[in-house]
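These are my notebook entries on one protein chain. I record what I looked up, entry by entry.

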Amino acid sequence: MAPHTSTEHHPAFEEYCETIFELEEDGLKVIQARIAERMEISRPAVSEMVRRLSREGYIEKTQGQLKLTASGKEVANRVVRRHRLAERFLTDVLKLSWSEAHHEAGKWEHVISDSVEASMTELLGEPTTCPHGNPIPGSGYVEPATEALSTIQPGSAVTITRIPEELEFVPGMLEFLETHSIRPGTVATIKSVLSDGTMKLDVDGSMVEVDARTADRVLVTTDN
């Protein structure tokens, strides 16, 4: 069956294409079990939807992993773009917290029209990333050379560049990061690394402990 040609898609299709896009963006292996975990849906339900998406021409299986087709990428790019623009609007204009904005943007991404998207983009000054530093598709953003925070040695200064989508789904993580100013543009100095991989950072004169998993995912640029 040929892919849909309409610009309107079932929200479930958009959610799945978005999830696959984000898993690929974070460098994670895209398999059904991981989709089920990310979306908090049963594996049988994911299997059924994957079959539907495959029949409709949105995804394909390559070397054991699920990949978006050209049609799937088109859907994903649009919904991810609108999600990240919505997050920008909700945080920059309405002053919602990261957590609130992420939750609300998950609803807005399915209903924003082309004209509203264009107006939001103009109002926000053509943003290139979401509040967490993730690229907005179609913005032309070129990410600088980054490293995982966990790879940086004590005594080094870094600038937080990006909080990958993976961390946005960890309960309480967005609140923690925002509260402790672990956000794009923040300069931090690594003071020490504990035996379990926890990193102690000096952020604007305050000591912040970042667990090993988080430190392995947060992306930074080095300043020295």
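Predicted model: local features only at pLDDT ≥ 70, side-chain atom pairs only at ≥ 80, totals over all residues.

**Entry 1: The pocket between domains**

The lining is made up of 24 residues, and I listed Glu37, Arg38, Met39, Glu40 and Phe169 as the closest to the pocket centre. Next I asked which elements give two or more residues to the lining. They are helix H1 (11-25), helix H2 (32-39), helix H5 (98-108) and helix H7 (165-168). Sorted by class, the lining holds twelve charged, six polar and six nonpolar residues.

**Entry 2: The two domains**

I turned to the domain assignment of the chain, which gives domain 1 as 11-72 and domain 2 as 147-221. I looked up how far apart the C-alpha centres of the two domains lie, and the value is 29 Å. Five residues from domain 1 and six residues from domain 2 take part in the contact.

**Entry 3: The nonpolar cores**

I searched for the largest nonpolar core and found 23 residues in it. Tyr16, Ile35, Leu53, Tyr58, Ile59 and Leu68 are the members that touch the most other members. I recorded that H1, H2, helix H3 (43-56), strand E2 (65-68) and helix H4 (70-93) each supply at least two residues of this core. Which element gives the most to this core? I found that H1 does, with six residues.

Another core, of 22 residues, lies apart from the largest one, and its members include Leu177, Leu201, Val203 and Val220.

**Entry 4: Threonine 129**

I located threonine 129 in the loop between helix H6 (114-123) and strand E3 (147-148). Is threonine 129 buried or exposed? I classed threonine 129 as buried because its relative accessibility is 13%, and the cut-off for buried is under 20%. Setting aside neighbours within four places in sequence, I listed Arg88, Asn134, Pro135, Ile136 and Tyr141 as the contacts of threonine 129. I also looked up arginine 162, which is 33 residues from threonine 129 along the chain, with 9.2 Å between their C-alpha atoms.

**Entry 5: Threonine 222**

I found threonine 222 in strand E8 (residues 219-222). Threonine 222 counts as partly exposed because its relative accessibility is 36%. Finally, I checked threonine 222 against valine 203: the two are 19 residues apart in sequence, and their C-alpha atoms are 15 Å apart in space.

Note on methods
Residues numbered from 1 in each chain as written. Heavy atoms only, no water. 1 Å grid on protein atoms, 1.4 Å probe; cavity = no way out; pocket = protein on both sides within 12 Å on 5 of 7 lines; lining within 4 Å. Helix = DSSP H or I, 4+ residues; strand = E, 2+ residues; numbered from the N terminus. Nonpolar A, V, L, I, M, F, W, Y, C, P; charged D, E, K, R; others polar. Core = buried A, V, L, I, M, F, W, Y, C linked by side-chain atoms within 4.5 Å. Buried < 20%, exposed > 50% of the residue type's maximum accessible area, 1.4 Å probe, protein only. Contact = heavy atoms within 4.5 Å. Domains from an automatic or database assignment.
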